[in-house]
Amino acid sequence: MPMPSKGARLFLRKRKGRSPTFVIKDAGTEISTGTADRSAAEEQLARYIAGKYRSSGPAETHAITIADVLTFYGTEHAPTVADPARIGYAMTALLPFWGALPVSAIKGETCRRYAKLRARAAGTVRRELNTLQAALNYCQKEG
């Protein structure tokens with residue numbers, strides 16, 4: 001039966017011809033802290049543990065702007081489609097109104113306000129909002 005992991009911990013590594021340094025041992029790997037000072041090594045261990053268990057899931061909807069979503073969609077996905085210029089046209093129209101707003105601001109009321117402010121044909125506004133929807137779906141899929 002295998003032994004359970006001890007978790008991330010500090011270990012003072014002593015080697016011939018070198019000064020001793022603390023290393024972080026975790027699940028069979030060693031990460032050098034580059035220091036022999038215990039308190040500095042403990043700070044690095046704390047950062048390591050915090051980074052290890054940080055959620056890498058999607059950002060909260062109030063923490064990311066629509067401009068970020070559209071930029072990511074435009075740089076990552078648009079070059080792979082048959083007509084990237086069409087996505088560019090829609091983004092050009094969307095950014096002045098939506099750009100600074102957080103993703104959580106997308107509601108039926110704000111979409112109707114956008115359509116009224118845009119003052120274009122219903123089909124044009126629908127295609128632009130479909131581009132926004134596609135960008136949101138792409139970002140969600142990518143995490």
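A119 lies in the loop between α4 (108-118) and α5 (122-142). Helices here are DSSP runs of H or I with at least four residues, strands are DSSP runs of E with at least two, and both are numbered from the N terminus. The model is predicted: local features need pLDDT of at least 70, side-chain atom pairs count only at pLDDT 80 or more, and totals for chains, interfaces and linings use all residues. Residues are numbered from 1 along each chain as its sequence is written, and side-chain values use heavy atoms, with hydrogens and water left out.

A119 is not a glycine, yet its phi is positive, at about 50 degrees. The residue is exposed, with a relative accessible area of 57%. Exposed means over 50% relative accessible area, buried means under 20%, and partly exposed is in between (1.4 Å probe, protein chains only).

Buried positions in α5 are G123, V125, E128, L129, T131, L132, A135, Y138 and C139. These buried residues pack against α2 (66-76), α3 (84-98) and α4; contact means heavy atoms within 4.5 Å. Just after the helix, G143 takes a positive phi of about 90 degrees.

A disulfide is a covalent bond between the sulfur atoms of two cysteines. Here the criterion is a pair of cysteine sulfur atoms within 2.5 Å. The closest cysteine sulfur to that of C139 is in C111, 16 Å away, too far for a bond. Seen from C111, the closest cysteine sulfur is in C139, again at 16 Å.

Now turn to the strands. I24 has I31 in β3 as its bridge partner. The hairpin has two residues between its strands, and A27 takes a positive phi near 50 degrees there. A27 is a residue other than glycine. At 63% relative accessibility, A27 counts as exposed.

Notes
Pairing = 2+ DSSP bridges.
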